[in-house]
Amino acid sequence: MIANEPPVIANSLWTATANMSAPHPPLTGSLETEVAIIGGGFTGLSAALHLAERGIACVVLEAETPGWGASGRNGGQVNPGLHPDPEEITTRFGADMGGRMLRLSGTAGQLVFDLVARYGIDCDARPVGWLRGAHDAAGLRDLHHKAAQWQRLGAAVEPLDAAGIADLSGSAAYRGGLIDHRGGNLHPLNYALGLAAAAVRAGAAIHGHSRVLRIEADGSTHILTTTGGSLRARRVLICTNAYTDAFAPGLARTVVPVRSVQVATEPLPPEVLAGILPGEHALSDTRRLLLYYRRDAAGRFIMGGRGAYGAAATRTRMKALRQVSAKLYPQLDGVRWTHAWGGFVAVTTDHFPHLDRLGKGIMAGLGYNGRGVAMATAMGRVMADWASGTPEVGLDFPVTDPRPIPFHGLRRLGVAATVAKYRLLDALGL
Ligand SMILES: Cc1cc2nc3c(=O)[nH]c(=O)nc-3n(C[C@H](O)[C@H](O)[C@H](O)COP(=O)(O)OP(=O)(O)OC[C@H]3O[C@@H](n4cnc5c(N)ncnc54)[C@H](O)[C@@H]3O)c2cc1C
């Protein structure tokens with residue numbers, strides 16, 4: 001079970017099948033380092049690993065344990081690219097910065113699989129590609145347009161017709177789709193735990209149960225006060241994404257935390273499993289309220305989708321995910337579902353991740369819009385570049401000032417209303 005979470009979202013398959021990991025004792029007393037990293041998910045752990053590889057002293061402060069946030073709970077889909085299309089990226093950011101962002105995000109999956117190989121991380125990594133299925137004609141046009149844009153950039157992304165996606169998914173539900181050969185899937189919590197172990201071996205320090213309560217400037221350094229101690233650092237990286245709390249209220253208002261939930265079966269017998277994603281791909285569809293699903297290494301089927309804020313509504317969403325699974329794969333009718341859990345995705349209003357400067361010597365990376373397995377790993381490396389001296393203009397992602405969302409306190413209501421509208425439109429096929 002995920003510690004310190006309501007039961008309705010705590011029964012995580014990934015926690016139940018996590019590798020043993022070394023303890024990360026809380027920070028006590030006063031410590032000094034070059035770079036302080038707040039948050040021990042993919043962003044913070046990748047930043048720590050890349051800094052430690054360069055011999056730069058760094059300390060990760062994590063409120064719970066490494067991988068506790070979205071990084072240890074997600075679908076484990078290694079999805080290259082950003083939410084917006086390549087053309088939109090170059091139009092908006094220009095050929096130079098747009099090109100850098102496309103290279104960074106397009107190779108982010110490769111970065112993940114390279115780190116897994118380099119550090120021998122035991123996380124069932126499968127670089128088999130990422131499938132996307134079009135549930136209607138508009139979705140098909142969109143996916144084929146995306147595939148064509150990436151192909152023009154030389155990326156290994158192929159459009160699929162209805163027969164092609166049916167072969168790879170084992171379901172006749174799609175009009176067509178694409179396969180992005182740069183992606184794949186893995187066990188997300190074991191990937192996070194492996195990154196943490198690699199960072200510690202490389203020289204980083206990680207303190208669990210060390211929630212940062214405040215950051216204060218002191219000359220050219222910053223003092224971070226935690227529940228048990230304090231840390232002085234020259235630079236600070238904020239990597240708390242959708243879980244950003246009271247220590248950085250302005251930053252928390254730049255993203256909307258949206259709940260996503262997953263349900264998983266028991267390991268399925270080979271005759272049931274044979275027709276489901278036979279190449280062990282993960283798949284995301286084009287519904288407004290996206291469904292994403294896959295198998296795990298033990299042959300369980302895992303379905304994910306949009307959750308809700310309240311417990312009863314969350315249970316209803318989980319039930320709907322079980323029902324839609326049996327519609328896609330009738331052989332799942334009657335199987336036993338053993339796990340159900342969820343967490344927060346950080347959504348931005350422009351659908352781009354943000355790399356925000358928060359005063360001198362403090363940088364935040366967040367807002368992956370549900371695409372953080374690969375991109376948070378890549379962003380962590382960009383943040384390590386900045387903390388090791390690369391000027392802002394030399395980074396592979398544009399640095400911005402935080403842009404708080406107006407009426408942020410009301411966003412939950414807005415999300416709930418939008419979800420209801422999208423569910424209706426998806427149901428009507430519009
Ligand atoms: C259910 C679900 C499914 C998803 N599926 C996918 C998927 O299949 N593919 C994909 O690419 N992305 C997916 N995502 C998104 C992806 O998981 C995230 O984008 C990514 O994990 C973000 O990593 P992070 O390190 O930035 O943040 P997190 O992993 O959320 O880590 C933030 C950490 O900060 C800590 N923290 C917060 N406040 C403090 C404080 N004051 N002091 C110290 N520590 C603090 C938290 O405890 C937390 O551990 C999914 C997300 C969810 C929730």
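**Exercise 1. Find which residues are linked with E64 and R211 in a network of salt bridges.**

Step 1. E64, R211 and D245 form a network of salt bridges. A salt bridge here is a side-chain nitrogen of Lys or Arg within 4 Å of a carboxyl oxygen of Asp or Glu. The model is a predicted one, in which local features need pLDDT of at least 70 and side-chain atom pairs count only at pLDDT 80 or more, while totals for chains, interfaces and linings use all residues. Residues are numbered from 1 along each chain as its sequence is written, and side-chain values use heavy atoms, with hydrogens and water left out.

Step 2. Helices (H or I, at least four residues) and strands (E, at least two) are DSSP runs, numbered from the N terminus.

Step 3. E64 is buried, at 8% relative accessible area, whereas R211 is partly exposed at 32%. Buried means under 20% relative accessible area, exposed over 50%, and partly exposed in between (1.4 Å probe, protein chains only).

**Exercise 2. Describe the salt bridges that E34 and E266 form.**

Step 1. The count of salt bridges is 21. In one of them, E34 and R234 have their closest N and O atoms 2.8 Å apart. This pair links strand 2 (residues 29-38), which holds E34, to strand 12 (residues 229-238), which holds R234, over 200 residues. E34 is partly exposed at 28%, and R234 is partly exposed at 43%.

Step 2. E266 forms a salt bridge with R336, with 3.2 Å between the closest N and O atoms. E266 lies in the loop between strand 13 (256-265) and helix 9 (270-273) and R336 in the loop between helix 10 (311-328) and strand 17 (337-347), so the pair ties together parts 70 residues apart in sequence. E266 is partly exposed at 27%, while R336 is exposed at 52%.

**Exercise 3. State which way the residues of strand 14 point and which strands pair with strand 14.**

Step 1. In a regular strand the side chains alternate between the two faces of the sheet. In strand 14 (residues 282-285), A282 and S284 point one way, L283 and D285 point the other way, and all are buried.

Step 2. Strand 5 (residues 130-134) runs parallel to strand 14, joined by 4 bridges; two strands pair if DSSP finds at least two bridges between them. W130 stands opposite A282.

Step 3. Strand 15 (residues 292-295) runs antiparallel to strand 14, with 2 bridges. Y292 is the bridge partner of S284. Strands 14 and 15 form a hairpin with 6 residues between them.

**Exercise 4. Work out what surrounds R295.**

Step 1. R295 is found in strand 15. R295 is buried and has no salt bridge, and the nearest side chain of opposite charge, E280, is 4.6 Å away. Lys and Arg count as positive and Asp and Glu as negative; His and the chain ends are not counted.

Step 2. A polar atom of the R295 side chain lies 2.9 Å from the backbone oxygen of I276. For the backbone oxygen of L277, the distance to a polar atom of that side chain is 3.3 Å.

Technical notes
A polar contact is a pair of N or O atoms within 3.5 Å; within protein, one must be able to donate a hydrogen and the other to accept it, and residues adjacent in sequence count only if both atoms are side-chain atoms. Contact means heavy atoms within 4.5 Å. Lists of a residue's contacts leave out its neighbours within four places in sequence.
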